[in-house]
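Here's a quick briefing to read alongside the structure. Have a look at the fold first, then go through the notes by topic.

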Amino acid sequence: MVAQAMAEKILASHSGRKEVRPGEFVIASVDGSLAHDGGVREIPKLLEELGVTELKVPFVVTLDHFAPAPNHYYAEVHKKGREYCEKQGVPLNDVCTGIHLQLPIEAGMCLPGMLFVGGDSHTTMLGALGALATGVGGSEVAAILATGRLWFKVPETIRVNLTGKLPDMCMGKDAILHILRDLKTTGASYKVLEFGGEGLGSLTMDARLSMANMAVEMDGKAGIFEADGTTLEYLRTVTDKPLERFGPDPGAGYKEVYELRLSDVEPLATCPPRIDNVKPIREIEGKRIDQALVGTCTNGRLEDIRIAAGIVKGKRIARHVRFFVCPASQKVFRQALDEGLVAALADAGAVFLPPSCGPDCGLHLGMLADGEVEIGSSNRNTAGRRGSFKAEIYSASPATVAASAVEGRITDPRKFA
Amino acid sequence: MTTKVKGEVWKFGDDIATSLIAPGQFITGDPEVLQQHVLYGADPEFGKKFEPGGIIVAGRNFGCESSREIATQCLKDKGVALIIAKGFGRIFYRNAVAIALPCLMLEDVDEIPDKGVIEADLETGEVFVEGTGKTLKAQPLPEFLIEYIRAGGIIPHLKSQMAES
């Protein structure tokens, strides 16, 4: 039998095959799906059109994009979503309980070796747990719920071999931006990034989640991490189900191998106008900012808030800066409270936003005016994604964001080490 | 449905993200607002000047980023007959097939002039450029995806399959 990469193993086991090869089309059974308030507008209508009442896969709905409802239109969207979930018996995460990608993880819904297909491009984030996780649109989510299956083209895999350990004040975000700088926006088109190697053990679960989240920014179908001791240790806190390590077959062949020495990573940012315009912070230091944002699905977990709190503790953020912190879930917010992180950030002048995606998608909760500049820890910096098409968005690690909030200018966080 | 599509060319560059096609600020619940601002982030005038039946010709990674299906739907509603690009964001491509908006991948899009009429055959992948008289060769759609497009999308396709069984 041919030695297979992780994505091939998962697509084979989910399509009743011993093995599959890149380029083949398969119909695979799906283990779980999700939608947010963008999808819940359409999916129930499509299922009704099909006459489907019994859903074939576990499905979770989260109201997080327009949350809490910023206007009457979205209040009605939410109302319909609640009514659907109630009638259908679908678990609902109501407004601001968390982000649709974080909550299935905290609920133990996604485990190593699973195939998880959600109605959001950043569904790739779930690959941090050793699942093959990818995004589709609302019609295909409806098709999965109706049939339990979906078509896939078996992707080629780029193996990312990790060695060493991230330097102080450098985070998973910097590591994935390091790769994005090389691969650009199409470097992983129709491919999977598979992360493993002797450096894997040094990466925390939170770091892996932010890296898998951004696999899609290179147009990756998924970013999948080998499920090791760190993965199982985390999953034991959220599920009682039996768990196993999961990785590629020894000797699996890859389309490309990318060597990432974690010790070479330095603080980076994606700069306007393109997401792959990645520069070292030391080259853009001093740029005046108007707004700073820590949070969103990419970087709104405890590790992110902890490093930001550590940097601002006992200081004041610059007078001209609006500094928002948007936790990925209420659970994260509660943990941040317990650790005293909320107090440290609030005392420094930061304002907490409810867990949601609002600021990350140009919807509400912190839009920018013409000519304003934000440094944030979210994933995308496309023009218009934060209100004005003439605003500038820099995306960096929570450490860089917090350091910049204190100085009022883009700042290398290593100064605060 | 015929698999031949003929129309006027509307040209775009690389990395046209879904948030440029359907910007969040124009997704208000009023479809007319979005129709007036389709592709606003790439060309603020497109929503006003586009004529139905036109063919979008773009560079690499058309429809990258967010999975919003409304980005494909608003192009279809606008009357875009076909999108030809060097490559597509993979979710955009899936969404387009899912709602029967045909897409073709063509490496030689630079051979298509900015203005003029082209005719494409989805089954063979042949793209005839009236202005130059050249026939370019795109990757044809796999047969099972053409079936989705013939059926009017994945949901109508599923509906007829379910009716059969």
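A residue counts as buried here if 20 or more other C-beta atoms lie within 10 Å of its own, with C-beta atoms placed from the backbone. Keep in mind that this is a predicted model.

**Chain A overall**

- Chain A is built from 15 helices and 18 strands.
- Its radius of gyration is 20 Å, close to the 22 Å that the globule rule gives for 417 residues, so chain A is as compact as a globular protein of that length.
- The C-alpha trace of chain A spans about 60 × 50 × 40 Å along its principal axes.
- Buried residues make up 61% of the 417 in chain A.
- If you take the contacts in chain A with a separation of 6 or more, 77% of them come from residues 24 or more positions apart.

**Helix 4 of chain A**

- Helix 4 covers residues 72–88, and at 1.5 Å a residue its 17 residues should span 24 Å; the end C-alpha atoms are 24 Å apart, which agrees.
- Its buried residues are Tyr74(A), His78(A), Gly81(A) and Cys85(A). They take up an arc of only 60 degrees around the axis, which puts them on the same side of helix 4.

**Cis peptide bonds**

- Ala67(A) to Pro68(A) is a cis peptide bond with omega near -10 degrees, and Pro68(A) sits in the loop between strand 3 and helix 4 of chain A.
- Pro272(A) and Pro273(A) are also joined by a cis bond, with omega about 0 degrees. Look for Pro273(A) in the loop between strand 12 (268–270) and strand 13 (278–280) of chain A.

- Cys96(A) is not a glycine, yet its phi is positive, near 70 degrees. It lies in the loop between strand 4 and helix 5 (102–106) of chain A.
- Is Cys96(A) buried or exposed? It has 20 other C-beta atoms within 10 Å, so Cys96(A) is buried.
- Over in chain B, Ala100(B) has a positive phi near 65 degrees, in the loop between helix 5 (90–98) and strand 4 (103–105) of that chain. Ala100(B) counts as buried because it has 20 C-beta neighbours inside 10 Å.

Conventions. Residues numbered from 1 in each chain as written. Chains lettered and ligands numbered in written order. Predicted model: local features only at pLDDT ≥ 70, side-chain atom pairs only at ≥ 80, totals over all residues. Helix = DSSP H or I, 4+ residues; strand = E, 2+ residues; numbered from the N terminus. Rg over C-alpha atoms; globule rule 2.2 N^0.38 Å. Buried ≥ 20, exposed ≤ 12 C-beta atoms within 10 Å, placed from the backbone. Contact = placed C-beta atoms within 7 Å. Expected span 1.5 Å × (residues − 1). Arc of directions from axis to C-beta.
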